[in-house]
Amino acid sequence: MATESKDPNLIGFSERLNNRLDELGYPPKYKGRYEAVGKDFDVSSKAARKWLEGDSLPKTTRMMDMARQYRMPFELLATGQATISAVSYTHLTLPTIYSV
């Protein structure tokens, strides 16, 4: 019996979304995450599960809302790529350079 492999774009989106939700302190998968995301966007937990498991993508307008809600660049959420100007580096600690 052949099994279908999931689309890499769907898997990538779900990984990026789940990683961001982890960073934001959302409940873990299978422990309320589907319900929390569903509530954030007024959709069923089944719809949220499809996004979080890589079974489907939200519409572009919904994805833009998600990027805003979860404070991340749309391009990064949608494609995994973002321009340098779209990424915040406020969490980085830069080395101190001493002049002699």
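In the legends below, contact means heavy atoms within 4.5 Å. All views show a predicted model.

**Figure 1. Overall architecture of the predicted protein.** The protein contains five helices and zero strands, and along the sequence these follow the pattern α-α-α-α-α. Of its 100 residues, 29% count as buried. Among contacts between residues at least 6 apart in sequence, 47% join residues at least 24 apart. The protein exposes about 7,300 Å², of which carbon and sulfur atoms supply 54%.

Figure 2. Helix H1 covers residues 8-23. Its 16 residues, at 1.5 Å a residue, should span 22 Å, and the C-alpha atoms at its ends are 22 Å apart, so expectation and model agree. The N-terminal end of H1 is capped by Asp 7, which places a side-chain oxygen 2.6 Å from the backbone nitrogen of Asn 9. After H1 comes Gly 25, which has a positive phi, near 80 degrees.

**Figure 3. The buried residues of H1 and their cover.** Leu 10, Gly 12, Phe 13, Ser 14, Arg 16, Leu 17, Asn 18, Arg 20 and Leu 21 are the buried residues of H1. An α-helix has 3.6 residues a turn, so residues three or four places apart point the same way. The cover over the buried residues of H1 includes helix H2 (33-40), helix H3 (45-52), helix H4 (60-69) and helix H5 (74-79). Leu 17, one of these buried residues, touches Trp 51, Leu 52, Met 66, Tyr 70 and Leu 77 when residues up to four places away in sequence are not counted.

**Figure 4. Close-up of Asn 18.** Asn 18 belongs to helix H1. With a relative accessible area of 8%, Asn 18 is buried, because the cut-off for this class is under 20%. Apart from residues up to four places away in sequence, Asn 18 touches Lys 29, Arg 33 and Leu 52.

**Figure 5. The largest nonpolar core.** In soluble globular proteins, nonpolar side chains tend to be buried together. The largest nonpolar core of this model has 17 residues, and those that touch the most other members are Phe 13, Leu 17, Leu 21, Val 37, Met 66, Tyr 70 and Leu 77. H1, H2, H3 and H4 are the elements that give two or more residues to this core.

**Figure 6. Close-up of Met 63.** Met 63 is part of helix H4 and counts as buried at 7% relative accessibility. When neighbours within four places in sequence are left aside, Met 63 is in contact with Phe 13, Leu 57, Pro 58, Phe 74, Leu 77 and Ala 78. One of these partners, Phe 74, is 11 residues from Met 63 in sequence, and the two C-alpha atoms are 7.4 Å apart in space.

**Figure 7. Surroundings of Tyr 70.** Tyr 70 is placed in the loop between H4 and H5, and its relative accessible area of 1% makes Tyr 70 a buried residue. Not counting residues up to four places away in sequence, Tyr 70 touches Leu 17, Arg 20, Leu 21, Leu 24, Tyr 26, Val 37, Asp 40 and Phe 41. Leu 24 is 46 residues from Tyr 70 in sequence, with 7.8 Å between the C-alpha atoms. A polar contact of 2.7 Å joins the side chain of Tyr 70 to the side chain of Asp 40.

Figure 8. A search of the whole structure finds three aromatic pairs. Phe 41 and Tyr 70 are both buried. Tyr 26, Phe 41 and Tyr 70 together form one aromatic cluster.

Key. Residues numbered from 1 in each chain as written. Predicted model: local features only at pLDDT ≥ 70, side-chain atom pairs only at ≥ 80, totals over all residues. Heavy atoms only, no water. Helix = DSSP H or I, 4+ residues; strand = E, 2+ residues; numbered from the N terminus. Expected span 1.5 Å × (residues − 1). Buried < 20%, exposed > 50% of the residue type's maximum accessible area, 1.4 Å probe, protein only. Polar contact = N/O pair within 3.5 Å; in protein donor to acceptor, adjacent residues only side chain to side chain. Core = buried A, V, L, I, M, F, W, Y, C linked by side-chain atoms within 4.5 Å. Phe/Tyr/Trp six-rings, centres within 6.5 Å; stacked < 30°, edge-to-face > 60°. Areas by Shrake-Rupley, 256 points an atom, 1.4 Å probe, with all protein chains shown as cover.
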